[in-house]
Structures are given as structure tokens and as C-alpha cells.
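Trainee: I would like to learn how to read a structure like this one, feature by feature. Where do we start?

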Amino acid sequence: MQPDIPGPPEQAGRTLRETSPARAWTTRLVILGIVLSALNLRPAITSLGALLEEVRDGLGMSGSVAGLLTSVPPLCFAVFGVMAPRLARRFGPGAVVCAGMAAIATGLLIRPYAGGTVGFLAGSALALMGIAVSNVLMPVIVKRWFPDRVGSMTGLYSMALALGTSAAAAVTVPMTEALDGSWQYGLAAWAALAAAAVLPWIPLVRDRGAAPSGRSDRSGPSDRSDGRQRHARDEAPALRITRSRTAWALAVFFGLQATAAYITMGWMAQIFRDAGVAASTAGLLLAVTMVMGVPLAFVIPRLATRLPHQGPIALALGACGLAGYAGLYFAPAAGAWLWALLLGVSNCAFPLALTMVGMRARTGAGVAQLSAFAQSTGYLISIPGPLLVGVLYQHSGGWGLPIALMAALMIPQMAVGVLAGRNRTVEEEAAAR
């Protein structure tokens, strides 16, 4: 095989010195892109949760329609998330995430001014489409670019995701008050953050997914041919993901934790407001719930990758959720800050699920398939939850039944979390059946 870098030794040394900084700069761009993208994966939802009452009044929504609105995110994630692996194979993950961030910015900018409930839903769907494909591709990008740092990088973007979620919950109401009290301005302002997230991905649009391997970009023809063959094998494995029990367990776990998360993001501020808590304080309580994910989203993935079985973590998070729901049921206002903290810990089942996606498959292609299957199926499972909460709230006239439903769903979430946490891979299970 010919050397990677033809020419005299001094030319080879010079080329290595030039390409190594280029690879380092590209890696930094990927990290920046991951962080900025993660910051944008939830503000479209939590900013709406903080202003849900104002949006309902402004658009004339009933409680059932508002429940439908809070069910739109998992519906879009289920429908559009399944498309992400195919789009990434064709255009490259960098290009797809770049387009996703542009879709988020456009949707957030137009939805408050689209006119009526239908237009608002359409703008929301556009933003959520961008979130859906980015949701699926984040574990893929981490596995591809940082295969030996899955835990720490998953923790980094989970922490950024939690930071964006909590910031939107905390800042949206005061920002709206500063902008003449217009809920349209308060929601549209988050488009600027999404627009900034487009920029780091632009230089990576032409990338088709090959991670830096430490070799020079100037490989010989035979090396490039071998690389293409290895890449093709990695991208098109003979894997039937539905044959894997672990994949199904992870999908159900993902769906149940998403149900809890979107009920929390869509309705928790309203629960506190109905209990007599001021609107600004209710927004801060929702922010506390979301901000708990900032430190824990960094710690939990690192802990999970060091354990042979992640089931105990799922059980501990579920126990916190049960305690938080019990508090909301019996004394929502008196212990509001404690319930917000406990539910914030429970919501960290999300970074645990993402970490298990990276751990339950051996290859980048396997992670892509598992991520698409677990997230799309999981979000499909989560669709009825927020809608059912809205219906129960409207017809019962209180929060007792909705909170009882939330607590009941935590039991199967803990059970499938134990099953998904077993030390095995989907490739092994799919091949064995």
C-alpha cells in the first residue's frame, strides 16, 4: 500500500502539520454544533408551557385543544424522527442537523404570527420537525465522532439540552413582560438562538459522515476505496431491529419518560398556577425542574457507562418521580419547590435513555437504527399522555385524576428501564432470533 502522503519527507511533515490542526478545528466545530443544537431542542416546548394560558386566551383554545397542542411534540418526533437515518445517509448528518436548526428558527419565528390555532400548530410542527431529526442524530454524531467518549459527550449535550429547557422556562415570562407583555414576542424571540445554531454546521454540510480517524485526508486511491467499503458496510448492516427485546424495552422506556417529560413541560406551570402560585413563580418552578437536568445530565451518562446494568438508575429516578407526584397531589403549593426538585431528578431519565441508546449497539449504523426506532416508537407511545391530561383536567375540573395518571405511568417506566439496562446489544439479539 502506498504511503498516505506522497512526496519528499519535508512535504509529508508539512502536510501532517497542516491537516492535524484542521482535524482539531473540525472537532471543535462539531462540539460547538452539538452544544448549540442541544440548547435548541426544547425551548420551542417549554417557552409555550410557560405562556400556555396566554396563548390559550389569545387563540381561543379550549382545554382539550390545549392538550392536543401539548401532544404535537411527540407526534412530530415520532413521524419525522424515523426519517433521520435515511436523510443522514443521503446528505450527511451535519447537513441534516443544519437544516433542522434552520427549520426550528423558521417555525419559532412564524408560529406566533401565523394567525389562528391552525397556523400556530403548523409553525410549531415545522420547528418540531427540525427538533425531531436532530434528536435522533445527536447520539449518531456522538458515536461517530467520539466513539471512546460516548458517556462524557452524551452528558455534555444532555446538559446543554437541560440548560436550554430550563432557560426557556425561566426567562420566557419575564422576557415577555419586558417586550410589552406580548406573548407573540416572547415566543418568537427564541428563533434567534436557533439561527445561531445553524452556523457551526455550515462548514460540515458536505460531510457524509466519516469521522476523523487520525489519518491524513490525503490517502491513496486504495485507502479511499477501502474506506468507502468500510463505510458502506457500517451504514447498511443486516440488522432487523424489531427482533431485539432490548430495542423494544428501550423504546417503551423512552416513550414513558417522554410522556412524563411533556406532561411536565406542558402542564406543570399551570398546575402550580391553579394552586394559587403566581405566574412568574410557576415559571421559575418549571425552570427548577428543568435545570436539575443540567448537572445530573452530565453525571448520569458518565455513571451509566461505568455500570454493567443501568436498571438501578432507572429505579432511583422513578422513585423520585413517584414522590414528586404524591407531593403535587396532596400539597401542590405548600411544598412546591421540593416537588419541582424531585420531578426534575425524575426527568433525567431522558439522558439515561440516550446513553443506553449508545451502549446497546456496537456500531454507528446500529446506533442510528436503534436511536430512530427507540425515539420514533417511544414518542408515538407518548402522544396520548399530554392530550389525556388535558381532557381529564377539563372534565374533572381539577388535577387529582391527571396527577394520579402520571404516577401510575411511572411504574411500568421503572420496569422497562430495568429490562433496557441489561448488558447486551441489539446486534446480538437480532442475530440470535
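Trainee: What percentage of the residues in the chain are buried?

Mentor: This is a predicted model, so everything that follows describes a prediction. Of the 433 residues in the chain, 56% are buried. The secondary structure consists of 21 helices and 0 strands.

Trainee: Among contacts with a separation of 6 or more, what share comes from residues 24 or more positions apart?

Mentor: That share is 84% for this chain.

Trainee: How should I read a pair of packed helices?

Mentor: Two numbers describe such a pair: the angle between the axes and the distance between the axes. Take helix α8, residues 150-178, and helix α13, residues 279-291: they pack at about 175 degrees, and their axes are 8 Å apart. Angles over 145 degrees count as roughly antiparallel, and α8 and α13 are therefore roughly antiparallel to each other.

Trainee: Which residues of α8 and α13 meet?

Mentor: On the α8 side they are Ala-162, Thr-165, Ser-166, Ala-169, Ala-170 and Val-173. On the α13 side they are Ser-280, Gly-283, Leu-284, Leu-286, Ala-287, Met-290 and Val-291. Sorted by class, this contact has 9 nonpolar residues, 4 polar residues and no charged ones.

Trainee: At what angle do α5 and α7 cross?

Mentor: Roughly 75 degrees, with the axes of α5 (residues 84-91) and α7 (residues 116-145) coming within 9 Å. The range from 65 to 115 degrees counts as roughly perpendicular, and α5 and α7 are therefore placed in that class. Ala-84, Pro-85, Leu-87 and Ala-88 from α5 meet Val-133, Val-136 and Leu-137 from α7. The contact divides into 7 nonpolar residues, no polar and no charged.

Trainee: What should I look for in the interior?

Mentor: In soluble globular proteins, nonpolar side chains tend to be buried together. Here the largest nonpolar core has 125 residues, and Ile-34, Val-55, Trp-201 and Leu-352 have the most contacts inside it. Helix α12, residues 245-274, gives the most to this core, with 18 residues.

Trainee: Which residues is Val-55 in contact with, leaving aside neighbours within four places in sequence?

Mentor: Val-55 is in contact with Leu-48, Gly-60, Met-61, Phe-120, Trp-183 and Leu-187.

Trainee: Glu-54 comes up next on my list. Is Glu-54 buried or partly exposed?

Mentor: Glu-54, in helix α3 (residues 52-59), is partly exposed, with a relative accessible area of 29%. With residues up to four places away in sequence not counted, Glu-54 touches Trp-183 and Arg-273. Sequence separation and spatial distance should be read together. Glu-54 and Ser-182 are 128 residues apart in sequence, yet their C-alpha atoms are 9.1 Å apart.

Trainee: Where does Ser-371 lie?

Mentor: Ser-371 lies in helix α18, residues 364-382. Ser-371 is buried, with a relative accessible area of 0%. Its contacts, again leaving aside neighbours within four places in sequence, are Val-136, Pro-139, Val-357 and Ser-376. The C-alpha atoms of Ser-371 and Ala-251, 120 residues apart along the chain, are separated by 8.9 Å.

Trainee: And a loop residue, such as Leu-179?

Mentor: Leu-179 is in the loop between α8 and α9, and Leu-179 is partly exposed at a relative accessible area of 31%.

Note on methods:
Residues are numbered from 1 along each chain as its sequence is written. This is a predicted model: local features need pLDDT of at least 70, side-chain atom pairs count only at pLDDT 80 or more; totals for chains, interfaces and linings use all residues. Side-chain values use heavy atoms; hydrogens and water are left out. Axes are lines fitted to C-alpha atoms, for helices over the stretch in contact, and angles run from 0 to 180 degrees between N-to-C directions. Helices (H or I, at least four residues) and strands (E, at least two) are DSSP runs, numbered from the N terminus. Angles under 35 degrees count as roughly parallel, over 145 as roughly antiparallel, 65 to 115 as roughly perpendicular and the rest as oblique. Contact means heavy atoms within 4.5 Å. Ala, Val, Leu, Ile, Met, Phe, Trp, Tyr, Cys and Pro count as nonpolar, Asp, Glu, Lys and Arg as charged, and the others, Gly among them, as polar. A nonpolar core is a set of buried Ala, Val, Leu, Ile, Met, Phe, Trp, Tyr and Cys residues joined through side-chain atoms within 4.5 Å. Buried means under 20% relative accessible area, exposed over 50%, partly exposed in between (1.4 Å probe, protein chains only).
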